[in-house]
Amino acid sequence: MTTDKKQILFNAFGMNCVGHINHGLWTHPRDQSHLYTTLPYWTSLARTLERGLFDGLFLADIIGVYDVYGGSADLTLREAIQLPVNDPAMLISAMAAVTENLGFGVTANQSAEAPYLFARRFSTLDHLTQGRIGWNIVTGYLDSAARALGDTGLSEHDSRYDRADDYMEVLYKLWEGSWADNAVRRDKAARIYADPARVRPIAHDGPYYRSHGIHLAEPSRQRTPLLYQAGTSGRGRAFAARHGECIFITATSPPAARKTARQLRQEAADAGRGADALRIFVGITIVTGETDAIAREKHADYLAHANPEAGLAHFSASTGIDFAQYDLDAPITYGVSNASQSAVEVARAAGWTRRRILEEAALGGRYPVLVGTGAEVATALGQWVEEGEIDGFNITRTVVPESYEDVIDHIVPVLQERGLYKTAYGEGSFRNRLFGRGDRLPDTHVGASHRWPSAT
Ligand SMILES: Cc1cc2nc3c(=O)[nH]c(=O)nc-3n(C[C@H](O)[C@H](O)[C@H](O)COP(=O)(O)O)c2cc1C
């Protein structure tokens, strides 16, 4: 069906671990998330998502542990709250091999690895997926990660973004400027694989990073992977407006989403990137079934397996606040956080007590929950997009793979009938499918200024 209506974008929101957002549901008899260490779990999931024409699988990641709640990782371990957690990037090749169209958004904390090595890993993934790789740039919020990586603690909030700006510049130079488009000749008769005159070392001496060298990988389809960003503090938004193409936000309601979306789009426009520079995704949880009664029964069943306290422990780590120290109804002191300021802002603005957060996390996580038939949920999603001025959703998992299958079987067909969801994949790379403007970064993006031959 051809339609002029705005198409709603869907990412499945997952993580290479057992308990991701909706904590406790790993105990549900039908949940398969404990199989995350096996390839068939992931290849089967990728095929399922492609059947539902999902735009992407978005994989979160952390490189520390949640030890803020009660000052220990005990509950984290008992409930598998994002621990144990395996490397998300390792999953991509297997899933790419069994799909043709699904995109992959991989979260990676830029502070963990030298940019030179990181650039090669993501070029490799872009090659192996034929341009279906995205990177969710995060700056980290866990003191435990900083300590584990050899620092004394998490560095100051805004300085993490300053450092990330510098990191990005190294990457753009490597991805966009080290190899000319026609550097690779692959000419067997002339014995020239790559033309030395069309390849050059980058030279970067920034405030945080130095790198002098030739990018190890030859140019891939997208060169720079599709850039996701999450984190909407003031400094986070400035970073998003400069680098992000897809922005992952949290919002408790469509008006809240609209406020953040407008801010982000305005800041991107102010940065000279045009009015249509961003695709904005809201995190959401969906419980659906053939009838309203079945959906509600399913929701009640899920609630019985969820663990709100585990959701609270997760939120403690996100905000850096040990909620275990507070009585259920005591007012909470929300100071300036060095963890995720956007997460703290939501709680401060709503005046959440510990009891309130536990109620919010009834399903084990804090994302808005839509329960109902495919038609009902499709209507609600349409409202979020219209009123919230967003482009799509990162859909959390509840019982895996059931919750993804339910969305595909009950919601996707309704959205398609209403002309709000594609009936076939578009052409080209992950970037082109979402923006329709080619495989490479647009000229207005800061990374494009480092293209050969203008790069230094
Ligand atoms: C919706 C959302 C998802 C995020 N996912 C991750 C993640 O998977 N891994 C991670 O290390 N940080 C993640 N973050 C943290 C941010 O990228 C950022 O480092 C942190 O929120 C601090 O930024 P802020 O104060 O600007 O929000 C996420 C943040 C948000 C809002």
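## A buried pair: Phe122 and Trp135

Phe122 is buried, with a relative accessible area of 1%; buried means under 20% relative accessible area, exposed over 50%, and partly exposed in between, using a 1.4 Å probe and protein chains only. Trp135 is also buried, at 0%. This is a predicted model, in which local features need pLDDT of at least 70, side-chain atom pairs count only at pLDDT 80 or more, and totals for chains, interfaces and linings use all residues. Residues are numbered from 1 along each chain as its sequence is written, and side-chain values use heavy atoms, leaving out hydrogens and water.

## Aromatic pairs

The structure holds 23 aromatic pairs. Rings of Phe, Tyr and Trp (its six-membered ring) pair if their centres lie within 6.5 Å; planes under 30 degrees apart count as stacked, over 60 as edge-to-face and the rest as tilted. One of the pairs joins Tyr66 and Tyr141, which are tilted, with 6.4 Å centre to centre and 40° between the planes. Tyr66 lies in the loop between strand S2 (56–60) and helix H2 (74–79), and Tyr141 in the loop between strand S4 (133–138) and helix H5 (143–148), so this pair ties together parts that are 75 residues apart in sequence. Helices (H or I, at least four residues) and strands (E, at least two) are DSSP runs, numbered from the N terminus. Tyr66 is buried at 2% relative accessible area, whereas Tyr141 is partly exposed at 24%.

Phe122 and Trp135 form a tilted pair too, 6.2 Å centre to centre with 50° between the planes. Phe122 lies in helix H4 (residues 115–128) and Trp135 in strand S4, so the pair ties together parts 13 residues apart in sequence.

One aromatic cluster is formed by Phe13, Phe58, Tyr228, Phe248, Phe281, Tyr367 and Phe430.

Arg200 lies over the face of Trp452, 4.4 Å from the ring centre. Lys422 lies over the face of Tyr421, at 4.3 Å from the ring centre. A charge sits over a ring if NZ of Lys or CZ of Arg is within 6 Å of the ring centre and within 35 degrees of the ring normal.

## Helix H1

Helix H1 (residues 39–51) has 13 residues and reaches 18 Å from its first C-alpha to its last, close to the 18 Å expected; the expected span is 1.5 Å times one less than the number of residues. Its buried residues are Tyr41, Trp42, Thr43, Leu45, Ala46, Thr48, Leu49 and Glu50. Just after H1, Leu53 takes a positive phi of about 55°.
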